[in-house]
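Open the model in your viewer and keep the sequence panel beside it. The stops below each name a selection and then say what is there.

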Amino acid sequence: MIRVEVTAQSRAYSAFIEDGLLQRAGKTLTQLVGEHKNVFVVSVPQVKRRWGKALLASLSSAGLRTRMIQMPDGETHKKLSTIEKLAGQLVKLGANRDALLIAFGGGIVGDVTGLLASIYMRGVDLVHIPTTVLAQVDASIGGKNGVNLSLGKNLLGTFYPPRAVLIDPAVLSTLPQREFRAGLYEVLKCGVIGNPELFERIRSSSIRDLRRNNEEIEWIIAEAVRLKSEIVSADERESGLRRVLNFGHTIGHALEAESKYHRFLHGEAVAWGMIAATQMAAAVGTCNAQTAQEIISATLGLGPLPTVTVQPRHILNMLASDKKVKNGRIHFVLPKKIGEVEIVDDVPERVILDAVGALRRMAT
Ligand SMILES: NC(=O)c1ccc[n+]([C@@H]2O[C@H](COP(=O)([O-])OP(=O)(O)OC[C@H]3O[C@@H](n4cnc5c(N)ncnc54)[C@H](O)[C@@H]3O)[C@@H](O)[C@H]2O)c1
Ligand SMILES: [Zn+2]
């Protein structure tokens, strides 16, 4: 079992990564948090159907009294009224301050359950068992949670570190191919910002081979978790260092918002954002043409992306009103070489427009 430490301001916790860990979740949890009387697993129907039995069997064989509650699937349910409904179910089931909530699903379940755990009876224990690539390498690490308002994404939330994160790459076997790929773009991102070997191993393998190779997936997930953990441990509240994790996200977020979150999965929008940032880097001289080509072809090599049709000027206008603008300047994370990035706030407007315009001509 691979164990990665994450240090949050309020406490440290571990992420455990192991193929088949779900079957041993009960034993692992009782060793970590003791014999909690009341465990409440929060999930969605898709995940419960495929993996619910295995998790419940493991928890009950370790002597944990467990109930499962559900929320509907999808980003539209990542909102405050879902939290209220789940909290109501917890009250009815008798959950008190000793309750342990387990977020069992993708990033949406993680965000909703994280926020719920942080405010239910002023805070109860939380454990993440993430079941998508994105949730395993990104959303479950770092203690951020949140829900959307109709005015924007993730506008309500808290920092609330879990007691532990249990990552079982085996549960990814049932993940739809598009979701799997979307998560891998975030892993590729980790490679570019700080891990050349990770970059190389994703670049040189096909998705089909990867999905058949549990050992390789386990290694890849663990490396990405390690990188994110190091960064958030050094900068939990995103004051500086944590911003490198936004490689690909400046343009990516704008593409998602512009298409009203319908056209792209998050990771797909980030993939386009990484390509655009890499082109900017080559244009302003942060990286050389060869590095840029390597990053772009590795990204496109992961498979088809929904095409970009937006007018570049529209994206530029959106960026100008985005939260990543500080003192009127748009910040970009640009690659220097594979494994190193820098934050640049003076990319000329023309270069931004060209980079976004080029996405429109790119076939995947
Ligand atoms: N808190 C953070 O730091 C952070 C970081 C990144 C993203 N996020 C949030 O994460 C969310 C996206 O997460 P996501 O990409 O995991 O999406 P998701 O939670 O919607 O999961 C994607 C789909 O896969 C299904 N699914 C999950 N696990 C499965 C499995 N093992 N087998 C089959 N189907 C499965 C889900 O039911 C869903 O339909 C966004 O709301 C985003 O804002 C949060
Ligand atoms: Zn992301």
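Which residues of strand S9 point one way, which point the other way, and are they buried or exposed? Select residues 164–167: Ala164 and Leu166 point one way from strand S9, Val165 and Ile167 point the other way, and all are buried. Buried means under 20% relative accessible area, exposed means over 50%, and partly exposed is in between (1.4 Å probe, protein chains only). Helices (H or I, at least four residues) and strands (E, at least two) are DSSP runs, numbered from the N terminus. In a regular strand the side chains alternate between the two faces of the sheet.

Before moving on, some conventions. This is a predicted model, in which local features need pLDDT of at least 70 and side-chain atom pairs count only at pLDDT 80 or more, while totals for chains, interfaces and linings use all residues. Residues are numbered from 1 along each chain as its sequence is written, chains are lettered from A and ligands numbered from 1 in the order in which they are written, and side-chain values use heavy atoms, with hydrogens and water left out.

**Neighbours of S9**

S2 and S9 run parallel and are joined by 4 bridges; two strands pair if DSSP finds at least two bridges between them. Ala15 stands opposite Val165 in S9.

**Strands S3 and S4**

Select residues 39–43. In strand S3, 5 of its 5 residues are buried. Val39, Val41 and Ser43 lie on one side, with Phe40 and Val42 on the other. Then show strand S4 (residues 66–70), which pairs with S3 in the parallel sense over 5 bridges. Val41 stands opposite Met68 in S4.

**Ligand 1**

A residue is near a molecule or strand if one of its heavy atoms lies within 4 Å of it. On that basis 25 residues surround ligand 1, and the closest are Asp73, Gly107, Thr131, Thr132 and Thr174.

For polar contacts, look for pairs of N or O atoms within 3.5 Å; within protein, one must be able to donate a hydrogen and the other to accept it, and residues adjacent in sequence count only if both atoms are side-chain atoms.

- An oxygen atom of ligand 1 is 2.8 Å from an N or O atom in the side chain of Glu75.
- A polar backbone atom of Gly107 lies 2.8 Å from an oxygen atom of ligand 1.
- A nitrogen atom of ligand 1 is 3.0 Å from a backbone N or O atom of Lys144.

Glu186 lies in helix H6 (residues 177–194) and His266 in helix H11 (residues 266–284), so the pair ties together parts that are 80 residues apart in sequence. Glu186 is buried, at 1% relative accessible area, whereas His266 is partly exposed at 23%.

**Charges and a polar contact**

Select Arg201 and Trp219. Arg201 lies over the face of Trp219, at 3.6 Å from the ring centre. The criterion is NZ of Lys or CZ of Arg within 6 Å of the ring centre and within 35 degrees of the ring normal. Arg211 lies over the face of Phe180, at 4.3 Å from the ring centre.

Move to Lys228 in helix H9 (residues 214–234). Lys228 is buried at 7% relative accessibility, and a polar contact of 2.7 Å joins its side chain to that of Asp138.

**Backbone angles**

Finish with two residues other than glycine. Met121, in the loop between helix H4 (107–119) and S6, has a positive phi near 50° and is partly exposed at 35%. Asn154, in strand S8 (residues 152–156), has a positive phi near 55° and is partly exposed at 38%.
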